[in-house]
Every structure is written in structure tokens, then in C-alpha cells.
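Trainee: Please give me a close look at a single part of this model, together with whatever surrounds it. One connected account is enough.

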Amino acid sequence: MTQFPEDLKKVLIIDEMHLSIIPLFEEEGFVVDYRPEIKRPEILEIIQDYFGLLIRSKTPINRELLTKAKKLRFIGRAGAGLDKIDLEYLDQNNIKLFHAAEGNMDAVGEHAIGGLLALFNHINKADQEVRRGVWKREENRGEELKGKTVGIIGYGNMGSAFAKKLLGFEVNILAYDKYKSHFGSGVIKEVTLEDIFAETDVLSLHVPLTAETNNLMTPEFLKRFKKPIYLINTARGEIVSFATLNQAFDAGIIKGAVLDVLENEKFQTFSLEQQREFDLLAARENVIFSPHIAGWTFQSYERINEVLAQKIREGISN
Ligand SMILES: NC(=O)c1ccc[n+]([C@@H]2O[C@H](COP(=O)([O-])OP(=O)(O)OC[C@H]3O[C@@H](n4cnc5c(N)ncnc54)[C@H](O)[C@@H]3O)[C@@H](O)[C@H]2O)c1
Ligand SMILES: O=C(O)[C@H](O)COP(=O)(O)O
């Protein structure tokens with residue numbers, strides 16, 4: 001067990017997490033305040049007392065918050081995405097950041113495959129029809145994954161987990177990563193973006209949300225695909241807008257989509273245009289939505305805590 005001085009023990013948890021987080025961190029010698037219901041104004045008032053902060057994504061960890069966090073030495077992100085965190089500030093102020101992407105990457109890989117198979121085989125649509133007493137076989141004839149080329153953009157934890165799950169489906173797997181190289185294997189081919197445009201049948205996005213990937217998929221970007229594609233987005237909704245998706249469907253560039261993430265995930269805050277474009281998407285039979293649950297399994301919920309506790313144990317003692 002790590003022994004910390006009295007004033008370097010307090011850890012604040014501001015998001016709902018599997019309750020295993022409490023004993024895991026207490027065993028490490030921390031004093032844990034589990035406050036999943038806490039609102040931002042109170043966080044701003046009390047954050048000065050804490051050595052560690054454990055988060056998911058409810059509250060932006062921006063300068064307003066961080067400048068008040070005078071004793072803060074580490075942040076633990078129970079999950080993968082770091083897009084709500086001011087990474088530059090952490091770097092400049094020697095605040096360590098740990099994430100637990102390894103804890104939900106298998107869930108994301110399996111969800112992407114599940115969505116794709118459901119899309120290819122019209123499972124959701126056919127299920128609704130049969131429940132209504134409608135028996136349509138020809139209209140629900142499926143598409144096989146075997147022989148398709150699957151393009152992956154972003155080959156980190158999620159992209160590589162998805163690729164690994166694809167092995168066995170007898171597909172051609174191409175992966176492009178702007179900041180990583182020499183990751184290919186005999187089966188998974190490391191390629192350029194041009195190769196992705198030229199060969200992809202199924203495109204899966206696994207980049208983080210950054211200034212560069214926000215709206216990465218513009219209409220111009222999508223026009224560069226040589227064949228109509230099926231799109232899987234389990235990364236972040238801001239990478240491709242509703243309007244761009246509709247345009248690409250209408251132009252025959254996208255012929256089906258699995259969308260676990262949306263450009264705005266709070267329906268009540270949709271602008272009129274977002275509502276109009278979302279309704280158009282929702283009217284398409286070849287779109288499958290889910291409410292940002294790709295990484296959200298019973299197993300990952302608990303595994304994320306274990307990954308985080310272990311990384312913090314190792315990282316804090318250095
Ligand atoms: N839907 C969900 O439940 C869920 C769960 C987990 C993660 N995610 C999302 O998946 C993202 C990826 O997670 P990860 O753990 O694999 O991250 P990661 O950092 O391990 O991998 C991302 C990869 O993308 C590459 N990249 C960055 N910008 C790029 C660009 N412009 N073009 C091409 N490649 C680029 C990076 O070099 C990196 O290798 C997270 O940031 C999060 O947004 C979603
Ligand atoms: O980045 C992640 O790990 C997933 O998108 C889940 O995010 P959440 O913990 O904020 O729900």
C-alpha cells in the first residue's frame with residue numbers, strides 16, 4: 001500500500017462509476033469522496049482541497065476549474081476520451097493524467113462488429129417487421145462481411161481492438177493513423193489515407209476528438225471515396241455532422257451507418273437545423289443508432305476502475 005502524507009490523500013470522484021472504485025482507491029491509501037451527483041459550482045468551491053480527481057465526462061476540466069485546483073497532482077479518466085480536458089494546462093502544471101481506454105476497448109470493438117452485422121443483415125428493421133406480423137424475406141436479404149475491405153482511421157486502443165475482433169471474418173483490414181507508424185501486421189495493413197479512399201467498403205472511425213478531427217469528415221473528404229461505404233462511428237459525433245451524413249447518403253457516398261455517437265447528444269438542446277437533419281437521418285432504414293454505449297458493458301464498467309487504479313498506483317509512485 002502506498003503511504004501518502006495526510007494532505008496528499010484526498011481524491012474527489014465527480015461522476016458515476018462502478019462502486020469498486022472506492023475500495024480500490026482506499027486500498028491505495030487514498031481518502032475517497034464519491035460525489036457523483038455533485039454540480040459544477042460546488043466542484044469549483046471544493047476542488048482546492050483535493051490531490052486527485054477521478055472523472056468521466058460530465059464536467060469540462062478546463063482552466064476555470066484547474067486554476068482553482070491548487071493541490072491537484074493527478075486526474076484519472078475512467079474511460080478513454082480526453083476531449084473535455086485542458087491537456088495543455090495539465091502539461092504546463094505537472095498534473096498527471098491517467099486514462100483507462102484499455103478497460104473499454106474490447107467493448108467498443110465488439111459493439112462496432114455487432115452494429116455492422118446488424119446493419120448488413122437488416123436485423124433491427126426485420127425484427128420490427130416480424131413483430132408487426134410482416135414477413136419480408138427478399139427485402140431483407142443480407143450482405144456478407146466476408147471479402148469486404150474494412151478501413152480503420154485511428155489505430156490506437158479502439159481501432160486495434162476492432163481490427164483484432166475482425167480477424168476471422170475473412171475481410172481485408174486497412175488501417176491509417178496520422179501519428180503512429182509501423183503498426184501493421186501480416187493481416188492488418190498499415191496504409192495511407194489515399195489507400196483508405198481507394199479501397200474501403202466499410203469505414204470505422206477511431207480517432208480522438210481534437211481541433212483537427214472536429215468535422216474531419218467534410219463533404220469534400222467523403223467525396224474522395226471511390227466506392228460507396230458503410231460508416232461506423234463509435235468515436236465522437238463531432239467528427240461528422242448530421243447534415244454531412246445526410247448529404248453523403250443522398251449522393252450515394254454512404255449506403256449505411258452505425259452511429260453510437262452524435263454531434264449533439266442532448267436532444268433537448270438541438271438547434272432547429274440539428275433537429276431537421278437528425279429527423280432525416282432517423283427516417284433512414286439503413287442507419288442504426290445507439291446512445292453512446294459502445295464502451296458501456298458490465299465488464300468494462302468494472303475493468304476501467306482496475307486499469308485506472310493500477311496506472312495511478314504505478315504512475316504516482318514515480
Ligand atoms: N463510444 C464509446 O463508448 C467510446 C468508448 C471509448 C472510446 N471512444 C472514443 O474513441 C476514441 C479513441 O480512443 P483510443 O483509446 O483508441 O485513443 P488512442 O489515442 O489510443 O487512439 C487514437 C489514434 O488516433 C490517431 N489519430 C489522431 N488524430 C488523427 C487523425 N487526424 N487522423 C488519423 N489518426 C489520428 C492517434 O495517433 C491514435 O493512434 C476516444 O478518444 C473516444 O473519443 C468512444
Ligand atoms: O471515451 C469513453 O470512454 C466513452 O466515450 C465513454 O465516455 P463516458 O465515460 O464519458 O460516458
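Mentor: His-182 has a relative accessibility of 76% and therefore counts as exposed; the classes are buried for under 20% relative accessible area, exposed for over 50%, and partly exposed in between, with a 1.4 Å probe and protein chains only. The model is predicted, so to speak of local features requires pLDDT of at least 70, side-chain atom pairs count only at pLDDT 80 or more, and totals for chains, interfaces and linings use all residues. Residues are numbered from 1 along each chain as its sequence is written, chains are lettered from A and ligands numbered from 1 in the order in which they are written, and side-chain values use heavy atoms, with hydrogens and water left out.

The part to look at is the loop that holds this histidine. His-182 sits in the loop between β7 (172–176) and β8 (188–190); helices (H or I, at least four residues) and strands (E, at least two) are DSSP runs, numbered from the N terminus. The phi angle of His-182 is near 60°, a positive value in a residue other than glycine. Most residues other than glycine have a negative phi. A further positive phi, near 55°, belongs to His-122, which is found in the loop between α5 and α6 (123–131). His-122 is partly exposed, because its relative accessible area is 26%.

The loop between β7 and β8 also contains Asp-177. Asp-177 counts as buried because its relative accessibility is 18%. Its C-alpha is 8.4 Å from that of Val-207, although 30 residues separate Asp-177 and Val-207 in sequence.

On its own, ligand 1 exposes 860 Å², of which the protein buries 87%; accessible areas come from the Shrake-Rupley method with a 1.4 Å probe, and for residues only the protein chains shown count as cover.

The shell around ligand 1 consists of 28 residues, the closest being Met-158, Asp-177, Thr-234, Asp-260 and Gly-295; a residue is near a molecule or strand if one of its heavy atoms lies within 4 Å of it. By class there are 12 nonpolar, 10 polar and six charged residues in this shell, where Ala, Val, Leu, Ile, Met, Phe, Trp, Tyr, Cys and Pro count as nonpolar, Asp, Glu, Lys and Arg as charged, and the others, Gly among them, as polar. Helices α5 (101–120) and α7 (157–166) each give at least two residues to the shell, and α5 has the largest share, with three.

Arg-236 also belongs to the surroundings of ligand 2, which include Arg-56, Ser-57, Arg-77, Asn-104 and His-292 as well. The shell of ligand 2 comprises one nonpolar, five polar and three charged residues. Backbone N or O atoms of Ala-80 and of Gly-81 each lie 2.7 Å from an oxygen atom of ligand 2. An N or O atom in the side chain of His-292 is 2.6 Å from an oxygen atom of ligand 2. Of the 310 Å² of accessible area that ligand 2 has on its own, the protein covers 87%.

Strand β10 remains. β10 spans residues 229–233, and five of its five residues are buried. Ile-229, Leu-231 and Asn-233 lie on one side of β10, Tyr-230 and Ile-232 on the other. β10 pairs in the parallel sense with β9 (residues 202–205) over four bridges, with Leu-231 as the bridge partner of Leu-203; pairing requires that DSSP finds at least two bridges between the strands. β10 also pairs in the parallel sense with β11 (residues 254–259), over five bridges, and Ile-232 stands opposite Val-258 in β11. With helix α10 (residues 242–250), β10 and β11 form a right-handed β-α-β unit: with the strands pointing away from the viewer, the path from the first strand over the helix to the second runs clockwise.

Technical notes. A polar contact is a pair of N or O atoms within 3.5 Å; within protein, one must be able to donate a hydrogen and the other to accept it, and residues adjacent in sequence count only if both atoms are side-chain atoms.
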